[in-house]
Amino acid sequence: MHPIVLAAAPAASSGRLVPAALAGIALIVILITYFKVHPFLSLTLGSLLVGIVAGLPVADTVDAFVKGFGDTAAGVGALIAFGAMFGKLLADSGGADQIVDTIIGRTGRRFLPWAMALVGALIGLPMFFEIGLVLLVPVILLVARRAQMSIIAVGIPALAGLSAMHGLVPPHPGPLVAIDNLKADLGLTLALGIAVALPTIALSGPVFARFASRWVDVPAPELYVTGADERDSGDDAAVDAEPRRRPSFPVTLFTVLLPVALMLGKAVADIALDEGGRVRTVLDNLGTPLVALIIAVVVAMFTFGRGSGMDREAIASSLAGSLPPIAGPLLIVAAGGGFKQTLVDTGIGDLVADWVKDSDLSVLFLAWLVAVLIRLATGSATVATVTAAGILAPVATTLDSGQTSLLVLAIGAGSLFFSHVNDAGFWLVKEYFGLSVGQNIRTWSLMETVISVCGLVFVLLLNLVV
């Protein structure tokens with residue numbers, strides 16, 4: 001028996017619940033992949049189909065979806081919004097450029113792929129994947145041209161750092177909604193996520209790029225003429241076009257790592273300090289995710305905003321401009337929460353939990369596999385994460401805190417498996433790098449697969465000691 005009763009009783013027998021779950025997932029996959037319907041609407045319709053096929057009254061199905069939607073939006077919506085504000089200030093102030101220029105400027109050719117992996121990880125820590133990719137592409141092209149290296153040799157490490165952070169480390173939407181659905185400890189998940197991400201980035205980035213650059217050796221396409229290129233050519237207009245001074249590298253690095261340090265401080269305090277002590281109380285309060293991100297945004301308004309010469313109007317404009325792009329991801333993760341709650345209320349989740357308990361499969365491997373299958377079918381890492389987390393939610397009630405955090409990471413790793421033609425990221429990388437479909441599969445797609453498999457391996461290794 002599970003310690004928490006998630007549904008009063010199954011809506012139907014197992015012979016009807018399994019087809020209901022499969023029908024709902026199949027509808028989501030078909031709508032997204034074939035009819036190109038937005039994942040928010042696809043998840044909503046899939047939830048309704050699950051409830052109807054499982055025999056749940058339509059009104060109860062709608063109530064379940066609305067409850068899950070609201071709970072998820074309340075749990076992660078503000079975190080996603082503050083994360084977007086922080087990332088926009090980092091980009092608009094020139095802080096992201098400062099990180100890139102400082103690290104690349106102090107790195108020799110031999111260690112350039114490792115430096116690019118570090119840049120991708122640092123940029124990927126506070127930013128959504130798509131935003132980070134847009135920021136990184138001009139840098140990747142510039143570095144490849146200046147160093148006279150293949151774009152694969154420097155681009156794959158940067159993309160590995162960006163992608164691994166997106167799939168494994170909060171406050172990205174996928175990990176956040178998985179943490180919320182599985183009731184995992186965010187600070188512990190963040191610490192374990194970084195522990196998994198760093199060796200994963202090393203293997204899937206600089207190490208893998210050594211081989212991939214031999215398979216696909218292409219120069220950087222002439223997509224951008226960057227400000228740095230123009231300054232090197234002596235174009236005075238480029239110098240005059242510099243909008244403002246940048247925040248210094250130490251200040252930028254401090255600000256980027258501030259929310260991470262606060263949340264990690266809470267995780268360490270919960271483990272090492274006695275409950276009720278003054279130091280632990282302070283660290284617990286400061287490390288609460290919402291508080292940590294609010295502090296980070298307020299600090300960034302001064303270090304990134306005022307520190308780069310932005311006035312009050314420019315800072316307000318930057319903050320306001322960060323919110324419209326997150327409407328889509330926010331609706332997707334909230335609809336994923338609605339889908340999860342529908343699975344719970346029909347009893348499908350308990351059925352899966354019982355099956356996992358009675359099988360010999362590792363729950364971590366099963367979570368990874370479920371996310372892989374949904375990722376391959378839909379092309380969306382976020383949809384794979386939120387759907388897999390919903391399916392595995394009842395299983396999490398039988399796990400301790402450490403294993404629940406590893407369950408989140410296993411799902412996150414699975415959600416990155418083999419990006420292909422149904423993934424928007426696949427086409428972005430292909431077009432930016434000037435690759436053919438075959439070349440993109442041998443580089444970007446395989447890199448994503450290496451991230452996924454290595455992530456699972458390191459999660460399973462951590463499970464031996466956590």
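Trainee: How many helices and how many strands does the protein have?
Mentor: This is a predicted model. Secondary structure here is helical, as the strand count is 0. The number of helices is 22.

Trainee: What share of the residues counts as buried?
Mentor: A residue is buried when its relative accessible area is under 20%. Applied to the 466 residues of the protein, this gives 56%.

Trainee: What share of the contacts with a separation of 6 or more joins residues 24 or more positions apart?
Mentor: A contact requires heavy atoms within 4.5 Å. Among contacts with a separation of 6 or more, the share from residues 24 or more positions apart is 81%.

Trainee: Which helix supplies the largest share of the lining of the second largest pocket?
Mentor: The pocket has a volume of about 730 Å³, and 33 residues line it. The largest share is 4 residues, and it comes from H21.

Trainee: Which residues lie nearest the centre of that second largest pocket?
Mentor: The lining divides into 17 nonpolar, 11 polar and 5 charged residues. Of the 33 lining residues, those nearest the centre are Glu130, Gly379, Ser380, Asp423 and Ala424.

Conventions. Residues are numbered from 1 along each chain as its sequence is written. This is a predicted model: local features need pLDDT of at least 70, side-chain atom pairs count only at pLDDT 80 or more; totals for chains, interfaces and linings use all residues. Side-chain values use heavy atoms; hydrogens and water are left out. On a 1 Å grid over the protein atoms alone, a cavity is a set of points where a 1.4 Å probe fits but cannot get out, and a pocket is an open set with protein on both sides within 12 Å along at least five of seven lines; lining residues have an atom within 4 Å of a point. Grid points are joined across faces, edges and corners, and a volume is the space filled by probe spheres set on the points. Helices (H or I, at least four residues) and strands (E, at least two) are DSSP runs, numbered from the N terminus. Ala, Val, Leu, Ile, Met, Phe, Trp, Tyr, Cys and Pro count as nonpolar, Asp, Glu, Lys and Arg as charged, and the others, Gly among them, as polar. Buried means under 20% relative accessible area, exposed over 50%, partly exposed in between (1.4 Å probe, protein chains only).
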